[in-house]
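These are my notebook entries on one protein model. I set down what I looked up, entry by entry.

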Amino acid sequence: MVDTMNDDDYICSVEAAINEIGGKWKSLVLCALKDGKLRFSEINRKIPRITQRMLTKTLRELETNGLVNRLVYPEVPPRVEYCLTEKGKSVIPILDELCEWGKRYGTHEK
């Protein structure tokens with residue numbers, strides 16, 4: 001879902017960033033695509049807990065926000081691949097750092 005808010009509507013720039021990549025699945029999809037193009041089923045295999053419906057919704061939102069490109073090849077049967085845009089690639093170092101932070105501090109006791 002595209003948010004029509006502009007920079008003046010955010011309390012701080014973190015809010016703008018979370019609007020782009022926040023939620024349970026967006027960052028996982030971006031990380032799945034960081035090594036290159038993948039088909040829908042390949043992304044689904046990398047993130048086994050996401051439903052097909054939620055993966056479709058998440059990919060559409062990432063595409064609308066300019067983070068992911070959807071590449072449709074004119075073949076029969078049709079082949080569709082997803083890859084990161086330059087904007088999408090620019091968030092990967094941040095997600096990598098967040099991953100390291102999670103390894104260091106994100107453990108919880110059961």
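Entry 1: The model is a predicted one, in which local features need pLDDT of at least 70, side-chain atom pairs count only at pLDDT 80 or more, and totals for chains, interfaces and linings use all residues. Residues are numbered from 1 along each chain as its sequence is written, and side-chain values use heavy atoms, with hydrogens and water left out.

I then took the pairing of strand E2 (residues 68–73) with strand E3 (residues 79–84), which is antiparallel and runs over six bridges. I use strand for a DSSP run of E with at least two residues and helix for a DSSP run of H or I with at least four, both numbered from the N terminus. Two strands count as paired if DSSP finds at least two bridges between them. E2 is joined to E3 by a hairpin of five residues.

I checked the other partner of E3 as well. E1 and E3 pair in the antiparallel sense over two bridges, and Arg 39 stands opposite Glu 81 in E3. In what order do the three strands lie in the open sheet? I read the order as E1-E3-E2, with antiparallel pairing. E1 and E2 are at the edges with a single partner strand each, so one side of each is left without a neighbour in the sheet. I note as background that strands of a sheet pair through backbone hydrogen bonds, either parallel or antiparallel.

**Entry 2: the cis peptide.** I looked up the peptide bond that joins Val 76 and Pro 77, and found it cis, with omega about -5 degrees. Pro 77 has its place in the loop between E2 and E3. For context, most peptide bonds are trans.

**Entry 3: Thr 85.** I moved on to the loop between E3 and H5, where Thr 85 is placed. Is Thr 85 buried or exposed? I count Thr 85 as buried because its relative accessible area is 13%; buried means under 20%, exposed over 50%, and partly exposed in between, with a 1.4 Å probe and protein chains only. Leaving aside neighbours within four places in sequence, Thr 85 is in contact (heavy atoms within 4.5 Å) with Gly 66, Leu 67, Val 68 and Asn 69. I also took the separation of Thr 85 from Lys 24: the two are 61 residues apart along the chain, and their C-alpha atoms are separated by 20 Å.

Entry 4: I found Asn 44 in helix H3. Asn 44 counts as buried because its relative accessibility is 15%. Beyond its neighbours within four places in sequence, Asn 44 is in contact with Ile 50, Gln 52 and Leu 55.

Ile 47 lies in the loop between helix H3 (40–46) and helix H4 (52–64). With 7% relative accessibility, Ile 47 also counts as buried. Which residues does Ile 47 contact, leaving aside its neighbours within four places in sequence? I listed Trp 25, Leu 28, Val 29 and Ala 32. For Val 29 I noted a C-alpha to C-alpha distance of 7.7 Å from Ile 47, across 18 residues in sequence.

**Entry 5: the largest pocket.** I recorded a volume of about 250 Å³ for the largest pocket. A pocket here is an open set of points on a 1 Å grid over the protein atoms alone, where a 1.4 Å probe fits, with protein on both sides within 12 Å along at least five of seven lines; lining residues have an atom within 4 Å of a point. Grid points are joined across faces, edges and corners, and the volume is the space filled by probe spheres set on the points.

The lining holds 14 residues, of which Ala 17, Ile 18, Ile 21, Val 91 and Ile 94 lie nearest the centre of the pocket. Helix H1 (13–21) and helix H5 (86–105) each supply at least two lining residues, and H5 gives the most, with six. I sorted the lining into nine nonpolar, three polar and two charged residues. Nonpolar covers Ala, Val, Leu, Ile, Met, Phe, Trp, Tyr, Cys and Pro, charged covers Asp, Glu, Lys and Arg, and the others, Gly among them, are polar.

**Entry 6: the whole chain.** I counted five helices and three strands, in the pattern α-α-β-α-α-β-β-α along the sequence. Buried residues make up 30% of the 110 residues. The mean pLDDT (the predictor's confidence in each residue, from 0 to 100) is 90 for the chain, and 90% of its residues reach 70 or more.
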